[in-house]
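Please read the following walk through a protein model with its sequence and its 3D view at hand.

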Amino acid sequence: MKKEYLIYILLMLNYYVIPPLFIIDTGSGMFIMLIFVPLMVFFLSLLYSKIKGFKWYFSIVVSLLWIPSVYIFYNDSALVYCLIYCAVSFTGQLIGNFFKKQ
């Protein structure tokens, strides 16, 4: 893996690992999975694409990074968020690529 991608992967892992530690009840869990993490995925993907350009595989890596978090903090029903986060990342990259400086 290229060194330039490592910082983005480490940031994404932080957004997948640290927020679940603050889950107290179902409401806070839903807030983290439905609002906080997708926003972080979107903005990180937007930033990545704005700097590095659109890379389709970045969205797949972002979604695959969610899998360990599912088995550590959640259950199998949270696997569907892999697809959701992939779509959010893809959208963020498309928008970021639009604003990319030539």
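Helices here are DSSP runs of H or I with at least four residues, strands are runs of E with at least two, and both are numbered from the N terminus. By this rule S69 belongs to helix α4. The model is a predicted one, in which local features need pLDDT of at least 70 and side-chain atom pairs count only at pLDDT 80 or more, while totals for chains, interfaces and linings use all residues. Residue numbers start from 1 along each chain as its sequence is written, and side-chain values use heavy atoms, with hydrogens and water left out.

The protein chain has 5 helices and 0 strands. Along the sequence this gives the pattern α-α-α-α-α.

Is S69 buried or exposed? A residue is called buried under 20% relative accessible area, exposed over 50% and partly exposed in between, with a 1.4 Å probe and protein chains only. S69 has a relative accessible area of 4%, so S69 is buried. A contact means heavy atoms within 4.5 Å. When neighbours within four places in sequence are set aside, S69 is in contact with Y16, P20 and Y74.

An α-helix has 3.6 residues a turn, so residues three or four places apart point the same way.

Leaving out residues up to four places away in sequence, F73 touches Y16, V17, P20 and L21. F73 and Y85 are 12 residues apart in sequence, and their C-alpha atoms are 17 Å apart in space.

Next comes α3. Which residues of α3 are buried? They are F58, S59, V62 and S63. Because these cover an arc of only 135° around the axis, they sit on the same side of α3. The buried residues of α3 pack against α1, α2, α4 and α5.

Two of these partners can be described by their axes, which are lines fitted to C-alpha atoms, for helices over the stretch in contact, with angles from 0 to 180 degrees between N-to-C directions. The axes of α3 and α5 cross at roughly 145° and come within 8 Å. For α1 and α3, the packing angle is about 35° and the axes are 10 Å apart. Here the contact is formed by Y5, Y8, I9, M12 and Y16 of α1 together with Y57, F58, V61 and V62 of α3.

Helix α2 contains Y48. With a relative accessibility of 0%, Y48 counts as buried. Apart from residues up to four places away in sequence, Y48 touches Y5, Y8, G53, K55, F58 and Q93. Between Y48 and G92 there are 44 residues in sequence but 8.9 Å in space, C-alpha to C-alpha.

Helix α1 holds E4. E4 is partly exposed, as its relative accessible area is 35%. E4 and K52 are 48 residues apart along the chain, and their C-alpha atoms are separated by 9.3 Å.

The last values concern the whole chain. Of the contacts in the protein chain with a separation of 6 or more, 75% join residues 24 or more positions apart. Of its 102 residues, 36% count as buried. The C-alpha trace spans about 45 × 25 × 20 Å along its principal axes. The radius of gyration, taken over C-alpha atoms, is compared with a globule rule of 2.2 Å times the number of residues to the power 0.38. For 102 residues a compact globule would have a value near 13 Å, and the 14 Å of the protein chain agrees with that.

Technical notes:
The arc is that of the directions from the helix axis to the C-beta atoms.
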